[in-house]
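Keep the sequence and the structure at hand while reading.

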Amino acid sequence: MAALVSPPSLLRRGRDVRDESERASRKPRKSGKSGKLGKGPRDWPGQLRESVRTVEDLSKALSLTPEELEGARRAELEGLPLAITPYYLSLCDPHDPRCPVRLQCVPRIEEGDTVPGDLADPLGEVAHEVAPHLVQRYPDRVLLLATDRCAVYCRFCTRSRMVGDGGGPVSLERLEPAFAYIAAHPEVRDVIVSGGDPLAMATERIDRLLTRIRQIPTVETIRLATRVPVTLPMRITSELVRTLRKHHPIWVMTHFNHPKELSRDSIAACERLADAGFPVMNQSVLLAGINDDADVLETLYRGLIRARVRPYYLLQADPVRGTGHLRTPLSKGIEIMERLQGRLTSIALPKLICDTPGGKGKVPLSPDWVVSKHDGTTVLRTFRGEEVAYVDPPARASV
Ligand code: SF4
């Protein structure tokens with residue numbers, strides 16, 4: 001794993017005792033699978049057990065290009081590991097290396113490249129660690145990294161320096177300094193539980209974690225940052241939903257990037273969450289060759305709001321080392337937002353955000369709608385290209 005600095009809690013982890021479903025997620029998939037892309041087991045531990053984790057199994061499922069084969073070999077040996085659930089693999093086109101789902105989960109040779117601007121830890125999380133496994137970049141919220149494990153390892157992952165490192169879920173004992181920090185800082189109102197993917201942990205473990213966070217009276221909201229509705233929708237079981245409901249208000253932050261990911265299963269997972277009262281928000285990452293197109297994003301966002309998921313952010317891809325082939329210039333996102341403005345209902349229109357390198361904070365980006373400003377009159381350009389003047393009210397004399 002690439003690592004620049006070494007307070008080790010965000011870089012390397014020790015092992016914890018795991019329950020059955022968590023152990024299943026690390027068991028190698030049996031060889032000898034057919035190349036047919038069925039959705040696999042209906043239960044989530046079965047999906048994790050049957051996940052593709054080796055070059056051999058990946059080559060049986062997809063006809064790999066030399067670039068993918070080399071990328072998969074590299075992933076097996078070093079860097080961000082390979083793991084794809086049978087469900088997510090079933091969304092991949094087995095013959096088209098440009099398939100937008102396949103590009104998100106199948107490693108490529110370019111992951112070995114470094115391009116200008118690349119960083120191992122683009123959001124400066126190691127530098128902003130305030131307690132082991134706890135990152136604070138804004139006064140009112142913290143990020144708790146509860147596990148290093150995910151159902152699928154996304155090839156664009158901002159935390160590729162640490163996810164899939166082998167440590168697994170972090171025990172409550174090891175998170176105590178993080179809880180103590182939150183309790184000692186009442187200005188922290190919002191705890192984002194992430195990792196890895198917190199919903200890839202066993203339900204009882206999630207329950208214990210949320211119970212412990214809820215013991216801190218100053219915490220108002222808990223956000224779960226998870227990709228399982230996209231990559232492992234059968235994880236959103238009624239048992240999980242019942243467990244999470246005990247800890248409301250909980251917001252679910254999920255991460256669909258392409259309309260192909262909006263399958264019947266993933267839509268049903270989002271609807272189960274919405275029915276149980278969880279606001280479900282979506283953060284997409286703008287990815288070259290995957291979703292850097294206004295028509296693709298329009299289809300995605302319309303599908304999300306039909307599933308009662310609010311498109312929240314369109315994130316400029318972070319400059320993670322080894323993802324240069326997936327990044328777009330800043331101008332691309334601005335151009336897309338310009339095309340979507342007025343065309344998409346506002347509940348479907350996310351904010352375009354650049355999370356600035358070094359962890360300095362998120363900056364919203366927007367097309368320039370102001371044509372001129374003069375003597376209290378501002379000329380604005382509408383989405384139809386018309387120029388309209390807005391006249392400020394006269395300055396008021398102070399009373
Ligand atoms: S699920 Fe999230 S944390 Fe895990 S690999 Fe994908 S982007 Fe990274």
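Two residues are in contact if their C-beta atoms, placed from the backbone, lie within 7 Å. The model shown here is predicted. With that cut-off, Cys-157 is in contact with Leu-80, Val-163 and Val-320, leaving aside its neighbours within four places in sequence. Cys-157 is located in the loop between S3 and H7. A residue is buried if 20 or more other C-beta atoms lie within 10 Å of its own; Cys-157 has 22 such neighbours and therefore counts as buried.

Cys-150 is found in the loop between strand S3 (141-145) and H7. It counts as buried because 27 C-beta neighbours lie inside 10 Å. Apart from neighbours within four places in sequence, the contacts of Cys-150 are Val-163, Gly-164, Gly-196, Asp-197, Ala-200 and Arg-227.

Which residues are around the ligand? They are Cys-150, Tyr-153, Cys-154, Cys-157, Arg-159, Val-163, Gly-195, Gly-196, Asp-197 and Arg-227. This shell divides into five nonpolar, two polar and three charged residues.

Two residues of the shell, Gly-195 and Gly-196, are among those around the ligand, and the peptide bond from Gly-195 to Gly-196 is cis, with omega near 20°. Gly-196 lies in the loop between strand S4 (190-194) and H8.

Helix H8 comes next. At 1.5 Å a residue, the twelve residues of H8 (residues 203-214) should span 16 Å, and its end C-alpha atoms are 16 Å apart, which agrees. Which residues of H8 are buried? Arg-205, Ile-206, Leu-209 and Leu-210 are. They cover an arc of only 130° around the axis, so they sit on the same side of H8. What covers these buried residues includes helix H7 (172-184), strand S5 (221-225) and helix H10 (238-245).

Arg-212 is also found in helix H8. Is Arg-212 buried or partly exposed? With 14 C-beta neighbours inside 10 Å, Arg-212 counts as partly exposed, because the buried class needs 20 or more. Arg-212 touches Leu-172 and Phe-179, not counting residues up to four places away in sequence. Leu-172 is 40 residues from Arg-212 along the chain, and the C-alpha atoms of the two are separated by 8.2 Å.

Another annotated position is Lys-362. UniProt gives the feature "modified residue: N6-(pyridoxal phosphate)lysine" at Lys-362, in an unreviewed entry. Lys-362 lies in strand S10 (residues 361-365). It is partly exposed, since 16 other C-beta atoms are within 10 Å. Not counting residues up to four places away in sequence, Lys-362 touches Ile-353 and Asp-355.

The last details concern the backbone. Most residues other than glycine have a negative phi, and most peptide bonds are trans. A cis peptide bond joins His-248 and Pro-249, with omega about 0°. Pro-249 is in the loop between H10 and strand S6 (250-254).

Two residues other than glycine have a positive phi: His-133, where phi is near 70°, and Asp-375, where phi is about 45°. His-133 is found in the loop between strand S1 (129-131) and strand S2 (134-138), while Asp-375 is found in the loop between strand S11 (370-374) and strand S12 (377-381). Where do they stand in burial? His-133 counts as buried because it has 20 C-beta neighbours inside 10 Å. Asp-375, with 6 other C-beta atoms within 10 Å, is exposed, as a residue is exposed if 12 or fewer lie within that distance.

Methods. Residues numbered from 1 in each chain as written. Predicted model: local features only at pLDDT ≥ 70, side-chain atom pairs only at ≥ 80, totals over all residues. UniProt positions renumbered as here; feature names shortened; annotations may be inferred. Helix = DSSP H or I, 4+ residues; strand = E, 2+ residues; numbered from the N terminus. Expected span 1.5 Å × (residues − 1). Arc of directions from axis to C-beta. Near = placed C-beta within 6 Å. Nonpolar A, V, L, I, M, F, W, Y, C, P; charged D, E, K, R; others polar.
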